[in-house]
Amino acid sequence: TIDDFLALSGTKTVLSEMRDTVGLFMMSRGKDITKPSFEDAQDAFDALEAAVSGGKIDGFNGNDYVTELGNGNLAACIAWSGDVAQLTLDNPQIRFAVPESGATLWSDNFLIPKTTDRADLGTEFINFFYEPEIAAKLAAFIQYISPVATVADELTKLGGDAAALVENPLVVPSDEFLAGLSIFGSLDREEEKKFEERFAEILGNG
């Protein structure tokens with residue numbers, strides 16, 4: 001649980017990405033992050049602020065937590081699954097855990113600028129990555145969930161370490177595993193500003 005995380009002794013950090021960190025704290029308080037509101041987030045913000053001021057959280061990181069976690073300088077941290085999957089290849093003692101209250105799910109997205117006069121090339125490039133064989137190779141390398149439905153079959157065909165990923169829910173999640181994950185919902189401009197300003201205050205940047 002998030003409370004277990006905060007109770008651990010040793011250095012702990014959370015992500016500087018607002019939606020992930022605040023989202024986890026909101027979910028730990030029973031809030032639905034698929035329909036977020038600043039009002040609903042108050043308990044989460046207060047708990048996060050108290051944890052920081054009380055020394056239960058030692059800092060905020062982007063991807064730079066990877067080095068510290070890999071070197072054993074962190075007791076625990078809020079992290080992205082693909083980073084941890086890579087780290088466990090060299091250090092099997094590192095583990096990724098989803099809180100009982102749930103975790104956040106996100107995606108990176110392909111975009112084609114509307115000003116381009118070669119959208120056909122952009123589309124061809126995107127389609128290349130959605131070819132099942134290519135998607136499987138990419139998933140084996142980055143170890144994040146693939147949007148391609150047949151990627152598990154292709155990972156099996158690759159054999160070895162790639163095939164073993166089929167049993168890893170961080171790469172090929174079951175419906176039951178996905179049920180514990182939520183995507184942080186859209187915020188209008190006014191709500192976005194409130195969330196970001198409050199988070200920045202806690203980071204010490206307000």
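Student: Where is Tyr130 found?
Tutor: Tyr130 sits in the loop between helix H6 (119-129) and helix H7 (132-142). Helices here are DSSP runs of H or I with at least four residues, numbered from the N terminus. This is a predicted model, where local features need pLDDT of at least 70, side-chain atom pairs count only at pLDDT 80 or more, and totals for chains, interfaces and linings use all residues. Residues are numbered from 1 along each chain as its sequence is written, and side-chain values use heavy atoms, leaving out hydrogens and water.

Student: How does Tyr130 count by accessibility?
Tutor: Tyr130 is partly exposed, because its relative accessibility is 40%. Buried means under 20% relative accessible area, exposed over 50%, and partly exposed in between (1.4 Å probe, protein chains only).

Student: OK, new topic: where does Gln143 lie?
Tutor: Gln143 is in the loop between H7 and helix H8 (151-158). Although Gln143 is not a glycine, its phi is positive, about 60°. Most residues other than glycine have a negative phi.

Student: Is Gln143 buried or exposed?
Tutor: Gln143 is buried, with a relative accessible area of 7%.

Student: And which residues are buried in H8?
Tutor: Those are Val151, Ala152, Glu154 and Leu155. They lie on the same side of H8 because they cover an arc of only 160° around the axis, taken from the directions from the helix axis to the C-beta atoms.

Student: What's on the other side of H8?
Tutor: Asp153 and Lys157, which are exposed.

Student: What do the buried residues of H8 pack against?
Tutor: They pack against H7 and helix H9 (160-164), with contact meaning heavy atoms within 4.5 Å.

Key: Helices (H or I, at least four residues) and strands (E, at least two) are DSSP runs, numbered from the N terminus.
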